[in-house]
Amino acid sequence: MLPAVTIVLATSNEGKASELRGLLADLPVQLVTTAEVLGEKLSLPEDGDTFEANAIQKAKAICAATRMIALADDSGLEVDALGGRPGVRSARFAHERATDAENNAALLRALEEAERGHERAARFRCVLALASPWLAEVKTSEGRIEGTIARDPRGSGGFGYDPLFLATEAEGRAMAELTEAEKNCISHRARAVRALRPVLISVMNLQLDEAERISG
Ligand code: IMP
């Protein structure tokens, strides 16, 4: 077994962190939070227009602050009848400090008011960004999952918009009705992790080589 490489998660979202831990459980990585490394939560820049721009910003900021490998997740829900909203504003759709329940209620209201509100097609998107002190550029990957928006919340698992998202691949069950293991087979985050895996492994190897070089 290889020694564990420590990676700092550029997120304070417990739902994302728990899923990322599950998705990377087979690799010798230890995922820690920014608060655990720095003793405080950093307020992360997140003013980009795209998931990719935001993920890159967050990974760079945490890598610079900790001088460690940093993994950022920027994700959200795109609803066709709302022209792709809430998109990058998913966490703040109802208002700046919105709870998941407030965002879900705001989404149902927005669809009631939308001209094409009866069309419920939507997708979750996740962009991961990996920044390392030993890499010149930030590496990214993306995953998506298609579905529709339910009329009422269902289930008690997951986080965010999971109670309203009926995944096509889960035979119309809401994401919040799946176990974490089931969600981790099909989710946008699972797909982004799968796509990033080869890069992650090579970055981990670079880090282990560097540690070996330093220890002589
Ligand atoms: P971020 O911190 O700006 O990336 O915000 C992501 C937001 O998108 C979350 O707060 C949720 O509202 C939503 N979101 C992202 N991924 C998921 C998911 O897997 N399930 C449900 N909601 C999600």
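**Contacts, salt bridges and the main pocket**

Leaving aside neighbours within four places in sequence, Leu20 is in contact with Leu9, Leu31, Asp73, Leu128, Arg189 and Val193. The model examined here is predicted. Leu20 has its place in helix H1. Its relative accessible area is 1%, so Leu20 is buried. Leu9, one of the contacts of Leu20, stands 11 residues from Leu20 in sequence. The two C-alpha atoms are 9.1 Å apart in space.

Helix H1 spans residues 14-23. Its buried residues are Gly15, Lys16, Ala17, Glu19, Leu20 and Leu23. An α-helix has 3.6 residues a turn, so residues three or four places apart point the same way. The N-terminal end of H1 is capped by Asn13. A side-chain oxygen of Asn13 lies 2.9 Å from the backbone nitrogen of Gly15. Gly15 is itself among the buried residues of the helix.

Two of the contacts of Leu20, Asp73 and Arg189, also pair with each other in a salt bridge. The closest N and O atoms of Arg189 and Asp73 are 2.5 Å apart. Arg189 belongs to helix H6 (residues 188-215) and Asp73 to strand E3 (residues 69-79), so the bridge ties together parts that are 116 residues apart in sequence. Arg189 has a relative accessible area of 1%. Asp73 counts as buried at 1% relative accessibility.

The search of the whole structure finds 18 salt bridges. Arg116 and Glu119 form one of them, with their closest N and O atoms 2.7 Å apart. Here the partners are partly exposed. Arg116 has 37% relative accessibility, and Glu119 has a relative accessible area of 35%. Another salt bridge joins Arg173 to Glu182, with the closest N and O atoms 3.6 Å apart. Arg173 is partly exposed at 34% relative accessibility. Glu182 is also partly exposed, at 32%. Elsewhere, salt bridges that share partners join Glu78, Asp80, Arg123, Arg125, Glu142, Arg144 and Glu146 into one network.

The largest pocket has a volume of about 1100 Å³. It is lined by 38 residues. The closest to its centre are Thr11, Ser12, Asn13, Lys16 and Ala91. Among these, Asn13 is the residue that caps H1, and Lys16 is a buried residue of that helix. The elements that give two or more residues to the lining are H1, helix H2 (34-38), helix H3 (51-66), E3, helix H4 (100-113) and H6. E3 gives the most, with 4 residues. In composition, the lining divides into 13 nonpolar, 12 polar and 13 charged residues.

The loop between E3 and H4 holds two further features. Arg92 lies in this loop. At 17% relative accessibility, Arg92 falls under the 20% limit and therefore counts as buried. A polar atom of the Arg92 side chain lies 3.1 Å from the backbone oxygen of Val88. Leaving aside neighbours within four places in sequence, Arg92 is in contact with Glu46 and Asn103. Pro86 is found in the loop between E3 and H4 as well. A cis peptide bond joins Arg85 and Pro86, with omega about 0°.

Most residues other than glycine have a negative phi, and most peptide bonds are trans. Besides the cis bond between Arg85 and Pro86, two backbone positions stand out against this background. Arg67 is not a glycine, yet its phi is positive, at about 55°. Arg67 is found in the loop between H3 and E3. Its relative accessible area of 55% makes Arg67 exposed. Glu171 likewise is not a glycine and has a positive phi, of about 50°. Glu171 lies in the loop between strand E6 (165-167) and helix H5 (180-186). With a relative accessible area of 73%, Glu171 is exposed.

How values were computed:
Residues are numbered from 1 along each chain as its sequence is written. This is a predicted model: local features need pLDDT of at least 70, side-chain atom pairs count only at pLDDT 80 or more; totals for chains, interfaces and linings use all residues. Side-chain values use heavy atoms; hydrogens and water are left out. Buried means under 20% relative accessible area, exposed over 50%, partly exposed in between (1.4 Å probe, protein chains only). A polar contact is a pair of N or O atoms within 3.5 Å; within protein, one must be able to donate a hydrogen and the other to accept it, and residues adjacent in sequence count only if both atoms are side-chain atoms. A salt bridge is a side-chain nitrogen of Lys or Arg within 4 Å of a carboxyl oxygen of Asp or Glu. On a 1 Å grid over the protein atoms alone, a cavity is a set of points where a 1.4 Å probe fits but cannot get out, and a pocket is an open set with protein on both sides within 12 Å along at least five of seven lines; lining residues have an atom within 4 Å of a point. Grid points are joined across faces, edges and corners, and a volume is the space filled by probe spheres set on the points. Ala, Val, Leu, Ile, Met, Phe, Trp, Tyr, Cys and Pro count as nonpolar, Asp, Glu, Lys and Arg as charged, and the others, Gly among them, as polar. Contact means heavy atoms within 4.5 Å.
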